[in-house]
Amino acid sequence: GLGSALGTTSHMIFDANGHITKPLQSAFLATPSTNQNDMSNSGNVTVVFGNEVYDQNSDFASNTFTAPVDGKYFLSLSLYLLNVDSAAGYYQITIDTSNRDYFHLFDPNYSADLTYYAVNMGVVADMDANDTAFIRFNQNSGSAQTDINTDARFMGYLLG
């Protein structure tokens, strides 16, 4: 591997087959520590991701990813909802970044409440150094009964 001029930390590693790994490249995966129960039915709520499965480069804290450098970042969300209220006007799940928002909007106009509902999103976000990204939940009207299960995931990495 190639080490830094100041020490022995490898920034890029090339193996015999030509595979390249970057052990310091920003990458994270976070999950909720507990269910987030009875989400509000009015206004935006930040989704809480209290468990860092991994946080390469230490860029994730307090439910928020902070870009260390200018670049394009792949951000992904898998949100596992329980008790989706069919009486809600709509649900909007947003990857909120400093430059723009990316959202999934659905109208739960079903014949009955849903026991389970999955929201999956993947985006390439342009982010500048110190820009942030976090997840927002917004339910318009209905009952405040929807839960976010601990099987939810928020993840991302620097593409370049």
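Student: Hi! Is Ile148 buried or exposed?

Tutor: Hello! Keep in mind that this is a predicted model. In it, Ile148 has a relative accessible area of 0%, so this residue is buried.

Student: Which strand is Ile148 in?

Tutor: Ile148 sits in strand β14.

Student: And what does Ile148 touch?

Tutor: Setting aside neighbours within four places in sequence, Ile148 is in contact with Asn35, Gln36, Met39, Val47, Leu79, Tyr80, Leu81 and Phe137. Take Met39: 109 residues separate Met39 and Ile148 along the chain, and their C-alpha atoms are 7.9 Å apart.

Student: Okay, where is Thr146?

Tutor: Thr146 belongs to the loop between β13 (132-140) and β14 (147-148).

Student: Why does Thr146 count as buried, then?

Tutor: Because its relative accessibility is 0%, and buried means under 20%.

Student: What is around Thr146?

Tutor: Not counting residues up to four places away in sequence, Thr146 touches a set of residues including Gln36, Met39, Leu81, Asn83 and Phe137. With Asn83 there is also a polar pairing: a polar atom of the Thr146 side chain lies 3.1 Å from the backbone oxygen of Asn83.

Student: New topic: is Asp70 buried or exposed?

Tutor: Asp70 counts as exposed, because its relative accessibility is 52% and the cut-off for exposed is over 50%. Asp70 is found in the loop between β8 (64-66) and β9 (71-84).

Student: Which residues is Asp70 in contact with?

Tutor: Leaving out neighbours within four places in sequence, they are Met127, Asp128 and Ala129. A polar atom of the Asp70 side chain lies 2.7 Å from the backbone nitrogen of Ala129.

Terms used. Residues numbered from 1 in each chain as written. Predicted model: local features only at pLDDT ≥ 70, side-chain atom pairs only at ≥ 80, totals over all residues. Heavy atoms only, no water. Helix = DSSP H or I, 4+ residues; strand = E, 2+ residues; numbered from the N terminus. Buried < 20%, exposed > 50% of the residue type's maximum accessible area, 1.4 Å probe, protein only. Polar contact = N/O pair within 3.5 Å; in protein donor to acceptor, adjacent residues only side chain to side chain. Contact = heavy atoms within 4.5 Å.
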